[in-house]
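Subject: Handover of a structural model

Dear colleague,

Please find the model below for your records.

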Amino acid sequence: MAAGEPGAVEDGDRKGGLRAALGGLTTRGRSFLAAGLAAAVCAYVLGQGDLLRVGLLLAVLPLVCVTVLYRTRYRVTGTRRLSPSRVPAGAEARVHLRMENVSRLPTGLLMLQDRVPYVLGPRPRFVLDRVEAGGRREVSYRVRSDLRGRYPLGPLQLRLSDPFGMCELSRSFSAYDTLVVVPRTVPLPVLRLAGEASGYGDGRQRSLALAGEDDIIPRGYRHGDDLRRVHWRSTARHGELMVRREEQPQRARCTVLLDTRGIGYQGAGPDSAFEWAVSGAASALVHMLERGFAVRLLTDDGNAVPGEGSGGFAGSTQESADSAGLMLDTLAVVGHSDGGGLSRAHDVLRGGNEGLLIAFFGDLDEEQAAVAARMRQRAGAGVAFVLDSSAWAGDEDEAGRAEERLRRLRESGWIAVPVEPGAELPALWQLAGGMRTDSPSGPSGGTTGFTGGWS
C-alpha cells in the first residue's frame, strides 16, 4: 500500500487456510470450545441429555464464528499518505490512512494497526466501526524521531472480529512507505570570508561560450530562439538549424567535506560529536545552495554527491532543490567509515581549484593533519570546523595536541575553527568570517590583503 496508491485486502483470502483461522480463536472462543467439550463429556458419562445439548451449543458457537469469518468475501482497500515524507530530526510527520469498503457487503468491526519502527513511537491502533458498502474511513497519527535515518512504515494490518468476539483474523497489505529523517539544519548568517579564489558571492564572474568566429560552440535551434543567432556554417554541416550559444553564467563552486572516520569521533546518540558534524555539513550545503553555489558533498572515503555533472557538482539552479534533497537523503543514512585516513578525499580534490572547501573534521592525528593541510592547496579557499576531541571526550591531556593541529591547519591556509560541546554553528560561522588565513592566532578584525569572498 504505497502513498497515493490503493492496496486491497480481501477477507476471503484462503492463503492461511482453515487451520490458520482456527488459530485466530480468542481467549473467549477457546474458553467456550473447552467448556463445550467438557460439558459434552460429562453429559455422556452422566447420561444427561440436556447437558449434552448445552455442551454442543458452547462448542459449536466458536466454530461457527470461525467459519463465517473465514468465508467473508468483502474487500477493503487502503491508502497511506505521508505529510511530509522527508522531515528533519526532531520534527513530526503525519501519516494519513484512508480505508474504503469496495464490496457490496458492510464490514464488521475492524481493528487497524500500522507497523512502525520502535524509534518512531508506539504502534498506532484504531478501531473502525461497521463500514457500509462503498463507505470510507480516514484516520491519522503522528511519528517523530530524534535519530536520522530511513524508516519503513507498514505493512498495514487489519484485524477482523466476529460480533461475539470468538475469533480474530489478521490481514496485511503488501506494500509500505519510507519516512526519511534528515539531519537538523540551522540558518546561517550571510557574510563574506576572505579567500584566494575569485568568483564567489558578489564577485562571481560570467564567461562567454562564444570566444570568436573559429571558437563557436553551436547548439540545435529551439522554439523562440532569435533567428539572428543562426549559425549558417554549422547548419549546413549538421543538416539542421543551429544557433550560437548565449553566454552562460559560471556558477561558483563549493565542496562540503564530511569526515566520517570512526576513529575520529567518540560517543553516540543525538548529542554526539559525529551527529553535530553531520548536522553542520547539512546546514552548510543548504546555505551554499541558497546562495547560488554549485555544491557537492564529499566524504573521507572519496564518495561525492550528487556525483553528476562536471566534477560531481550540482547542476543548474533549477536542480538545486533536487540536489539538496539528494544530499540530505545521503546524510540521513551516513555512518562511520572503516577507513582511517583522508587520502581518498584528497585525491578527489585534484583539480587544483575546486572553489570553496568547507570541511567538518573529527580528531586529526599528525598524519591526517598533514593530509588536510595539503587539501587546502587544492581549493580556492578553505574553512575547517575541527571537533575538539579532548573537549568532547573530557580528556584534558589532549588539549595541547588539538591546539597544535589547529595551528598547523591555519599555517597551511585553512580558516580553522575549533568546535566544543554545545557550540552553535551560526556563531562559529560568524567567527570564521572574522578570522584571517595568514594568522594562526584566530580571530581578527579585518580581511586585508585578500580578494573575493563567499556569502
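Strand 3 and strand 11 (residues 177-182) are parallel and share three bridges; Arg-86 has Val-180 in strand 11 as its bridge partner.

The conventions are as follows. This is a predicted model, in which local features need pLDDT of at least 70 and side-chain atom pairs count only at pLDDT 80 or more, while totals for chains, interfaces and linings use all residues. Residues are numbered from 1 along each chain as its sequence is written, and side-chain values use heavy atoms, with hydrogens and water left out. Helices (H or I, at least four residues) and strands (E, at least two) are DSSP runs numbered from the N terminus. Two strands are taken to pair if DSSP finds at least two bridges between them. Angles run from 0 to 180 degrees between N-to-C directions, with axes as lines fitted to C-alpha atoms, for helices over the stretch in contact.

A further open sheet has four strands in the order 6-5-9-10, and its pairing is antiparallel. Its edge strands, each pairing on one side only, are strand 6 (125-128) and strand 10 (168-172). From one strand to the next the twist averages 20°.

Most peptide bonds are trans. The bond from Ser-83 to Pro-84 is cis, with omega near -5°, and Pro-84 sits in the loop between strand 2 (75-83) and strand 3 (86-88). Gly-154 and Pro-155 are likewise joined by a cis bond, with omega of about 5°; the place of Pro-155 is the loop between strand 8 (149-153) and strand 9.

Turning to covered elements, eight of the eleven residues of helix 8 (residues 366-376) are buried, where buried means under 20% relative accessible area, exposed over 50% and partly exposed in between (1.4 Å probe, protein chains only). Among the buried residues of helix 8 are Gln-368, Val-371, Met-375 and Arg-376. Asp-365 caps the N-terminal end of this helix, with a side-chain oxygen 3.3 Å from the backbone nitrogen of Glu-367. Strand 21 (residues 415-419) is also mostly covered, with four of its five residues buried. Strand 20 (residues 381-387) runs parallel to strand 21 and is joined to it by five bridges, and Val-383 has Ile-415 of strand 21 as its bridge partner.

Finally, the largest pocket holds about 440 Å³ of space. A pocket here is an open set of points on a 1 Å grid over the protein atoms alone, where a 1.4 Å probe fits, with protein on both sides within 12 Å along at least five of seven lines; lining residues have an atom within 4 Å of a point. Of the 22 lining residues, Arg-184, Pro-270, Glu-275, Trp-276 and Ser-279 are the closest to the centre of the largest pocket. Helix 5 (residues 273-290) gives the most to this lining, with six residues. The lining divides into eleven nonpolar, five polar and six charged residues.

With kind regards

Conventions: Grid points are joined across faces, edges and corners, and a volume is the space filled by probe spheres set on the points. Ala, Val, Leu, Ile, Met, Phe, Trp, Tyr, Cys and Pro count as nonpolar, Asp, Glu, Lys and Arg as charged, and the others, Gly among them, as polar. A polar contact is a pair of N or O atoms within 3.5 Å; within protein, one must be able to donate a hydrogen and the other to accept it, and residues adjacent in sequence count only if both atoms are side-chain atoms.
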